[in-house]
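Subject: Structure for you to look at

Hello,

Please find the structure below. My notes on what was found in it follow.

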Amino acid sequence: MMSRPLASGLLATALTAGLVALAPSASAAYEVVGGYHGSDLQACRTTTDGGEPAVRFRLDSRDAGHVHSGGLFRTRENGATARFTVKPAVGRVSAPRTVVVRSTDEIGWFVSDPNSGTGGDLRRGSLPRC
């Protein structure tokens, strides 16, 4: 016969495992927009708490052999450019970062290491919702 604490622990484990299996994966909403040497920049579209359109992104470096940084460039209608960067450790996924994007803004992405990198244009409307 099983002890009460052991039975309670097994029941809790079974229930937790069932809930985890039903929950969507944390990466389900993100789309890979570009990558370099095993690091993938992933992004999705969202809105801020204030209702402003935004892009959320993160850098997945789980398959990278060395450190990379990645992120977004945002150029406003008046020409002002801002760079938003994340830099996870090798074998990790960065914390997500959210950037407010107006309909008139131009957005670009990049992934690089200390020696070189790659990048391109990005359209918020083509991204999946977060």
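Strands here are DSSP runs of E with at least two residues, helices are runs of H or I with at least four residues, and both are numbered from the N terminus. Two strands pair if DSSP finds at least two bridges between them. Within this pairing, Arg56 stands opposite Thr98 in strand 6.

Two remarks on how to read the rest. This is a predicted model, in which local features need pLDDT of at least 70 and side-chain atom pairs count only at pLDDT 80 or more, while totals for chains, interfaces and linings use all residues. Residues are numbered from 1 along each chain as its sequence is written, and side-chain values use heavy atoms, with hydrogens and water left out.

Strand 3 and its neighbour

Strand 3 is also joined to strand 2, by eight bridges, and the two run antiparallel. Six of the eight residues of strand 3 are buried, so the strand is mostly covered; buried means under 20% relative accessible area, exposed over 50%, and partly exposed in between (1.4 Å probe, protein chains only).

Thr46 lies in strand 2. Thr46 counts as buried because its relative accessible area is 13%. Leaving aside neighbours within four places in sequence, Thr46 is in contact with residues including Arg56, Thr98, Arg124 and Cys130, where contact means heavy atoms within 4.5 Å.

The chain as a whole

The chain has one helix and eight strands, and from the N terminus on the order is α-β-β-β-β-β-β-β-β. It has 130 residues, of which 34% count as buried. Among contacts between residues at least 6 apart in sequence, 60% join residues at least 24 apart.

The core

In soluble globular proteins, nonpolar side chains tend to be buried together. The largest nonpolar core here has 17 residues, and Val33, Leu41, Val55, Phe57, Leu72, Trp109 and Leu122 touch the most other members. Such a core is a set of buried Ala, Val, Leu, Ile, Met, Phe, Trp, Tyr and Cys residues joined through side-chain atoms within 4.5 Å. Not counting residues up to four places away in sequence, Leu122 touches Val33, Leu72, Ile107, Gly108, Trp109 and Leu127.

Rings

There is one aromatic pair in the structure. The ring centres of Phe73 and Phe110 are 5.0 Å apart and the planes are at 45°, so the pair is tilted. Rings of Phe, Tyr and Trp (its six-membered ring) pair if their centres lie within 6.5 Å; planes under 30 degrees apart count as stacked, over 60 as edge-to-face and the rest as tilted. Phe73 is partly exposed, at 32% relative accessibility, whereas Phe110 is buried, at 7%.

A loop residue

His37 is found in the loop between strand 1 (31-36) and strand 2 (39-47). Although His37 is not a glycine, it has a positive phi of about 50°. With a relative accessible area of 43%, His37 is partly exposed.

Regards
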